[in-house]
Amino acid sequence: MSHGSNLRIDPDRLWDSLMEMAKIGPGVAGGNNRQTLTDEDAEGRTLFQRWCEEAGCTMGVDTMGNMFATRPGEDPDALPVYMGSHLDTQPTGGKYDGVLGVLGGLEAIRTLNDMGVKTKHPIVLTNWTNEEGTRFAPAMLASGVFAGKHTQDWAYAREDAEGKKFGDELKRIGWVGDEEVGARKMHAMFELHIEQGPILEAEGKDIGVVTHGQGLRWIECTVTGKESHTGSTPMAMRKNAGRGLALVTELVHEIAMANQPNAVGAIGHIDVYPNSRNIIPGKVVFTVDMRTHLLDKLNAMVAEVMERAPKLCEDIGVNFSCEIVGQFDPPAFDEKCVDAVRGAAKDLGYSHMDIVSGAGHDACWINDVAPTAMIMCPCVDGLSHNEAEDISKQWAQAGADVLLHAVLETAEIVE
């Protein structure tokens, strides 16, 4: 890289910004509760806008509330290079999930200003609305509308647990912009994020070069047996739907283990009927969550569940049925953008490894409309979506340094 590896962000300034943002919507155990479209979200947005404007950026907001802070480029016809993530949190979220990607991007812009660096392409820093999906499902809602996955009307009609609609709450907090969603065109997009898993820390790596995101299939399954008394029904005469659940649970684990690496499977949501202590379950409804980064492998895993589960249940006298109720094909991130991340980590001397994102991110949707890549840094014990989520200042610096240099490589320095 022509700009050299001596260009680094200010780790203390980045850390101070993270801690200042964390004061807004504090959690009860050291983390944050800054759910989307709450008063706390509005306060965080206001602080972010002020910081961006102080860094010389102009702020644009679209009709989904996505925020775009632009640092001008030298070529008015060049498409911008985007970076960013999200400021909203889980109800018991940490201080870094999403926020690091936004404020790491802000620190990159501040560093360019400090050093007087000019780029051919404009650089745009984004705060995507409702990435978490914890209040208004689904996750990555606004980036999904931006990428054409959902309509805005559908998104506006999403309701929270109290029946409040997304569109109404966006208007209430005063963050409905005037830009058409998805009208912006991108040269490329980079997202910095904590790993939210244990691999980088366990491997002693500073940086995860994200090559793929995981695809997923949610399979809703129903096992139907016969309700009967737990005390007076002989074992050989039982039609125990709960036993069918147990067999399918083991099957899912077996299939995931047989498809290593980077394949996972589990049963998370379970409803047992009639759910009484002394009644053998007559019906169990549960959801299998299977994920991997290769589409053919993912489809084969699902097909194996659907082929083998009915026979397992039939052998114990119960019936099995299922349907796919959720799906997301695995994204492969842009090779050139991935190479820019890998090259930045190498040139800066940070230890790094290729990694697959185990969680969904806004970059997964944007990847469908623009060349995209992700950068990950470790988090302690892989813990996230928890107030105890933690990272080190050094990890934050490494991630933001790599983001800065990958963006510069793509936005092209003007000497």
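This is a predicted model: local features need pLDDT of at least 70, side-chain atom pairs count only at pLDDT 80 or more; totals for chains, interfaces and linings use all residues.

Me: Which strand does lysine 283 lie in?
Reply: Strand S12, which covers residues 283-292.

Me: How far is lysine 283 from glutamine 90, C-alpha to C-alpha?
Reply: 32 Å. Along the chain, the two residues are 193 apart.

Me: New topic. Which residues does UniProt list for "binding site"?
Reply: Asp97, Glu132 and His385, according to the unreviewed UniProt entry. They are spread over 289 residues of sequence, yet they cluster in space. The largest C-alpha distance among them is 9.6 Å.

Me: Which of this set are in the lining of the largest pocket?
Reply: Asp97, Glu132 and His385 are in that lining.

Me: Take glutamate 132. Where is it found?
Reply: In the loop between strand S5 (123-127) and helix H4 (141-146).

Me: Buried or exposed? And why, for glutamate 132?
Reply: Buried, because glutamate 132 has a relative accessible area of 9%, and the cut-off for buried is under 20%.

Me: What does glutamate 132 touch?
Reply: Beyond residues up to four places away in sequence, glutamate 132 touches His86, Asp88, Thr89, Gln90 and Ala139, along with Asp97 and His385. Asp97 and His385 are also on the UniProt list.

Me: And histidine 385, where does it lie?
Reply: Histidine 385 sits in the loop between strand S15 (372-377) and helix H12 (393-411). Its relative accessibility is 41%, so it counts as partly exposed.

Me: Which side chain does the histidine 385 side chain make a polar contact with?
Reply: That of aspartate 97, at 3.2 Å. Other residues that histidine 385 touches include Gln90, Thr92, Glu132 and Gln196.

Me: Last one, threonine 70. Which strand?
Reply: Strand S2, residues 67-71. Threonine 70 counts as buried because its relative accessibility is 18%.

Me: What is threonine 70 in contact with?
Reply: Leaving aside neighbours within four places in sequence, threonine 70 contacts Gly56, Cys57, Thr58, Pro122, Ile123, Val124 and Arg184.

Terms used. Residues are numbered from 1 along each chain as its sequence is written. Side-chain values use heavy atoms; hydrogens and water are left out. Helices (H or I, at least four residues) and strands (E, at least two) are DSSP runs, numbered from the N terminus. UniProt positions are given in the numbering used here, feature names are shortened, and annotations may be inferred rather than shown by experiment. On a 1 Å grid over the protein atoms alone, a cavity is a set of points where a 1.4 Å probe fits but cannot get out, and a pocket is an open set with protein on both sides within 12 Å along at least five of seven lines; lining residues have an atom within 4 Å of a point. Buried means under 20% relative accessible area, exposed over 50%, partly exposed in between (1.4 Å probe, protein chains only). Contact means heavy atoms within 4.5 Å. A polar contact is a pair of N or O atoms within 3.5 Å; within protein, one must be able to donate a hydrogen and the other to accept it, and residues adjacent in sequence count only if both atoms are side-chain atoms.
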